[in-house]
Amino acid sequence: MTISCGYKGCSNFSKHVIFFLIILLFSTRACCEDHPHAPKRINCLESERRALLAIKSDLYKSDYWLSSWTGYDCCKWRGVSCDNTTNHVIRLDLHYPLDQYLDPPKKNFMGNHSSLLLMDLSSNEFSGRIPDAFCKLIYLEELLLFDNNISGQIPENMGNLHNLRYFDASMNNLMGQIPLSLGDLCNLETLDLSLNNIGGELTNLLDGLSKCLQGSQLWYFNIHGNKLSGSIPFSLGQLSQLRFLDISWNLLQDNMTEAHFSNLTDLSDLDISYNSLNLILSDDWVPPFHAKKIHMSYCHLGTRFPSWIQTQRTLEDLSLSGVGLYGNIPSWFSDFIFNNSQFQLDISSNNLNGQLPSSLSNIMDLSNNSFEGTIPSSYAKFEYAKVLKLSNNHIHGSLPAFFCNFTNLYMLHLSNNYLSGEVPNCHGSYPINLNSLHLNNNNLSGPFPSILRNSKKLIVLDLGGNKFSGEIPKWVGRSFPLLKILRLSSNLFHHSIPANIGNFTFLQVLDLSSNSLIGSIPSTIENLSFMGVKQNYTHNLLRFSGDSSGFHGCESCGYFSNGDMGYILDDNIKITAKGSTNEYTKALSAVASIDLSNNELSGEIPKEITKLHGLCFLNLSNNHLTGRIPENISAITELESLDLSMNHLTGEIPSKLSSLNFLSFLNISYNNLSGRIPTGGQFSTFNDSIYAGNKGLCGVPLPECPDDDANHSPSQIGENEKGDKLGTILNYTFIVIGFIVGFWAYFGMVIMKKSIKATLFQLADKMYDWIYVQLSLRIAKLNMKWQK
């Protein structure tokens, strides 16, 4: 039995529930009795007809698109197909429309249904384990479970499905080891368990398949992106039908030798990259296969460039990044590239040196090596090139004018070299398909490159760390409608920031720091609308929300059903934030940053900047900005790093800054700020250095303000006030009583002077003097308090 269910637009959720209910069909035991009242010409089995009606009854408003599901002959219903001999339902197609909702399914998840041939439950939201009951479907040939949330181990009795040819459970959360019984599936042609959490070793599976009497039929084996460990058994080399092998991104280790490939004569796609494998292959080895794709990145291949590569005449894609290659590229390799016009080559991150190869492939990554010399003039005849990465080498000379003719080029990375001179002007032909251009950290000079004037598909532009000068032309704001990253830092640009910079509605990173820009920050900065919302992390993807349909043709992009476009990240961008400079790659998707520091900008911070609620990093330090910090700056709720130091800002620190929960770095030193420092929130974590050079600031962690009662709680203040009142009353009482007692004591002693001894009189006189002094002190204190 075959079940098929497609979807249109965004109705994956409908597909998921429909398939969930289709399982009800399998729970009803098939019988060979027709309905007693049905004519003999009817082929449909009554038990299966009832099961189909049960599905229909559970569908919400299904009368319209299942209107044909009436009568006794279910084999004539829309989307239902029956076997002509057995009368069993063997195919159910409910692919569209799928805009209905389902009631919760009845309890039945699976009985015997021996006629089932295909089960497709892919691209839903199923969770839990693979049911053991699946393993009773002994005639099952195809089982598609990919793109769900299925967890647990693959059932051990999966080996009962001896007719299984196609098993795809990729993109789930499967774990544990591959069951031993899977090695008994000699008819298995496709096995895809990629992108799970499966561990253990491959030995049992491959040893089992290699012992099939008629030979294993496996031709597609994909288990990349798991946690497999241990060594790869030699039995891999006995799977003679294998054409596609991908075991990349695992924890596999130990040696791989020629024996591992001995009988793989049909191998076309080989990917063993990102493991800890050590390949021991002799220089004169001749592989038994002629592959189209070979990826061995970040395995250990040896120091010499492998000569066996030249035997692969059909090779289209070679990736040997980070394999430990050393020395010059052999001369034969340039001819090899030349003879494979659509060749894709990645030999980055090795220790290769000498001259660049004289031939240019369709996609070529030679970055992170030690290549020397100039860019070969022979590259001029390879105008079909799409990707060229030469970053992090020792290349010098100028940028050749022939790049103007590279109209197919969508990625050019030449950063961190010794290139000098001006970028050539183009006349009539431009690299119009550029998505990503990195010329940063060279010695390039001259005006802003006019070669880019017609590059309307540009997404990433990094010219930082050069000697470009002049003004940032106004056409920049018109020419790059898709720009996500603009980095012009550490150059010699002057004049003002173009007002139409607000045209960059998709911009996420704006870095104009360390130039000589003057004037004010344009208020049009509020139009950087993509920074107005929180940026969500999307693995290796910069997303364009909204209508980007007019820009299809972006080679590095993917497209979504709702019209959004996603740029597949392959860029390293330096961003200064939180007091340090770091390279961002995959995390770029979650970053929104503006850096205008170290310029000659003046005027006030535009209040419009507070509309960029999704901004993460803001650096305006070391300028000539005046006025107050915008009171509503706390509206930038995602702010993590704020640097306003070394300006001429005045007024108080906005108290609402303390409400920013993510603010982990703040520097407002060396301004003219005054008033009390806000308390609470993140301000309790900042030290006093961030306030240095602001003589008017006070409060924790600086010295207290002159009238600061911040160290006293309200209850303490109340008690002190009560104590002052009581003390005042007591003082007055003491003064009055003291005067009365002192007067009468002194008066009495004068009258009685003749009848007492002189010594006693002197003692009384001193007591009066002491009372007088105490009274005088208390009066003085009261006077001081009255004056305050």
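**Close-up views of a predicted model**

**View 1. A bridge between strands E38 and E39.** In E39, Tyr567 is the bridge partner of Cys557. The model shown here and in the other views is predicted. Strand E39 covers residues 565-568 and is joined to E38 by 3 bridges, with the two strands running antiparallel.

**View 2. The open sheet that contains E38 and E39.** The sheet has 3 strands in the order E37-E39-E38, and their pairing is antiparallel. Strand E37 (541-544) and strand E38 (557-559) are the edge strands, each pairing on one side only. On average, neighbouring strands of this sheet are turned by 25° against each other, direction ignored. Strands of a sheet pair through backbone hydrogen bonds, in either a parallel or an antiparallel manner.

**View 3. Lys484 and two phenylalanine rings.** The charged end of Lys484 sits over the ring of Phe530, at 3.4 Å from the ring centre. The charged end of Lys484 also sits over the ring of Phe544, here 4.9 Å from the centre.

**View 4. The aromatic pair Phe403 and Phe406.** A search of the whole structure finds 28 aromatic pairs. One of them is formed by Phe403 and Phe406, with 5.3 Å centre to centre and 55° between the planes, and is tilted. Phe403 counts as buried because its relative accessible area is 3%, where buried means under 20%. Phe406 is likewise buried, at 0% relative accessibility.

**View 5. An aromatic cluster.** Five side chains are labelled in this view: Phe305, Trp332, Phe333, Phe336 and Phe343, which form one aromatic cluster.

Note on methods:
Residues are numbered from 1 along each chain as its sequence is written. This is a predicted model: local features need pLDDT of at least 70, side-chain atom pairs count only at pLDDT 80 or more; totals for chains, interfaces and linings use all residues. Side-chain values use heavy atoms; hydrogens and water are left out. Rings of Phe, Tyr and Trp (its six-membered ring) pair if their centres lie within 6.5 Å; planes under 30 degrees apart count as stacked, over 60 as edge-to-face and the rest as tilted. Buried means under 20% relative accessible area, exposed over 50%, partly exposed in between (1.4 Å probe, protein chains only). A charge sits over a ring if NZ of Lys or CZ of Arg is within 6 Å of the ring centre and within 35 degrees of the ring normal. Two strands pair if DSSP finds at least two bridges between them. Helices (H or I, at least four residues) and strands (E, at least two) are DSSP runs, numbered from the N terminus. Axes are lines fitted to C-alpha atoms, for helices over the stretch in contact, and angles run from 0 to 180 degrees between N-to-C directions.
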